[in-house]
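Good morning, and thank you for making time for this item. I shall take the structure region by region, and I ask that you keep the display in view throughout.

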Amino acid sequence: MSGRTAALIPAAGRGERLGPGAPKALRDIGGIPMLVHAVKAISSCPAVSIVIVAAPSDNVDEVTALLGQQEFPSDVHVVAGGDTRVESVARALINLPDDIDVVLVHDAARPLVPEEVVASVVSAVRAGHDAVVPALPMTDTVKRVDTNDDVTATLDRSTLRAIQTPQGFRREILQRAHAIADDEGITDDAGMVEALGITVHVVPGHEEALKVTRPFDVVVAEAILAKRRSLGALG
Ligand code: C5P
């Protein structure tokens, strides 16, 4: 594989579980919009040449202006996202330059992913895996419940993983998955690739790649940032 790597950042979600306010990606973590953190985190990985952000369709100009004010290590482009995450990723995917052969998809809602996670996903795809996801072991016991909230099964935790982003793919595989995608129940791109019968490989994720979904997650993300800033100030 001799092409370049692109990262697509779906950022068009409303973020309703975070409470009323601006679209989630535009809300601040430590005084800086979540999306700016996410683009910085992904573009800081030297393996990533280009970043394409799928912005909320009503905020494309605002997002373009916001990102245009920052200096990022790689090229950053903004497109209008869609009504679902799958659609937002698809809209970014059709804007890829021809020489891209590895594509990362990273949720704007994971603003603090460490660079080493991004690098290890890219390396694993370039080493020959068709699809790669970062993952953490489960710490909670996980049970399946029915519609009455009665437990129907306790799952074997040792075989379960919590999946993060960026997820990495050979471009051709991700495009094939999106060509036949059905939005129903899809929460990540790797799930669409699995549906093609293609093996998805797991690499270690990181606690700091947490997904900001609820107000409590903002508190945790701000604590991580404060820790990084104090370490930076000391270093
Ligand atoms: O809603 P959820 O937190 O699962 O969204 C995951 C990511 O997908 C977020 O970064 C969100 O902005 C993005 N998304 C999107 N377009 C949508 C819905 C979600 O880009 N229509």
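Predicted model: local features only at pLDDT ≥ 70, side-chain atom pairs only at ≥ 80, totals over all residues.

Let me begin with a term: a residue is called buried under 20% relative accessible area, exposed over 50%, and partly exposed in between, with a 1.4 Å probe and protein chains only. By that rule Gly31, at 57% relative accessibility, counts as exposed. Residues are numbered from 1 along each chain as its sequence is written, and side-chain values use heavy atoms, with hydrogens and water left out.

Helices and strands are DSSP runs numbered from the N terminus, helices being H or I of at least four residues and strands E of at least two. In those terms, Gly31 sits in the loop between strand 2 (28-29) and strand 3 (32-33). From Gly31 to Arg144 there are 113 residues along the chain, and their C-alpha atoms are separated by 39 Å.

I turn now to the helix pairs. Two packed helices are described by the angle between their axes and the distance between the axes. The axes are lines fitted to C-alpha atoms, for helices over the stretch in contact, and the angles run from 0 to 180 degrees between N-to-C directions.

How do helix 1 and helix 2 cross? Helix 1 (residues 34-43) and helix 2 (residues 60-68) cross at roughly 55°, and their axes come within 11 Å. Angles under 35 degrees count as roughly parallel, over 145 as roughly antiparallel, 65 to 115 as roughly perpendicular and the rest as oblique; helix 1 and helix 2 are therefore oblique to each other. On the helix 1 side, Leu35, Val36 and Val39 meet Val63, Leu66 and Leu67 of helix 2, a contact being heavy atoms within 4.5 Å. For residue classes, Ala, Val, Leu, Ile, Met, Phe, Trp, Tyr, Cys and Pro count as nonpolar, Asp, Glu, Lys and Arg as charged, and the others, Gly among them, as polar. The contact of helix 1 with helix 2 has 6 nonpolar, no polar and no charged residues.

The second pair is helix 3 (residues 85-93) with helix 5 (residues 171-179), which pack at an angle of about 130° with their axes 11 Å apart. Helix 3 and helix 5 are therefore also oblique to each other. Here Val86, Val89, Ala90 and Leu93 of helix 3 meet Leu174, Gln175 and His178 of helix 5. The residues of this contact divide into 5 nonpolar, 2 polar and no charged.

Next, two aspartates. Asp101 belongs to strand 6 (residues 100-105). Is Asp101 buried or exposed? With 17% relative accessibility, Asp101 counts as buried. Its side chain makes a polar contact with the side chain of Arg126, at 2.8 Å. A polar contact is a pair of N or O atoms within 3.5 Å; within protein, one must be able to donate a hydrogen and the other to accept it, and residues adjacent in sequence count only if both atoms are side-chain atoms. A polar atom of the Asp101 side chain also lies 2.8 Å from the backbone nitrogen of Gly3. Beyond four places in sequence, the contacts of Asp101 include Met1, Phe169 and Arg170.

Asp107 lies in the loop between strand 6 and helix 4 (115-126), and with a relative accessible area of 9% Asp107 is buried. Not counting residues up to four places away in sequence, Asp107 touches Ile9, Pro10, Arg85, Thr165 and Lys211.

Pro166 is in the loop between strand 10 and strand 11 (167-170).

A further backbone feature is found at Asp149, which has a positive phi of about 65° although it is not a glycine. Asp149 falls in the loop between strand 8 (143-145) and strand 9, and its relative accessible area of 63% makes it exposed.

At 3% relative accessibility, Val122 counts as buried. Setting aside neighbours within four places in sequence, Val122 is in contact with Thr5, Ala47 and Leu104.
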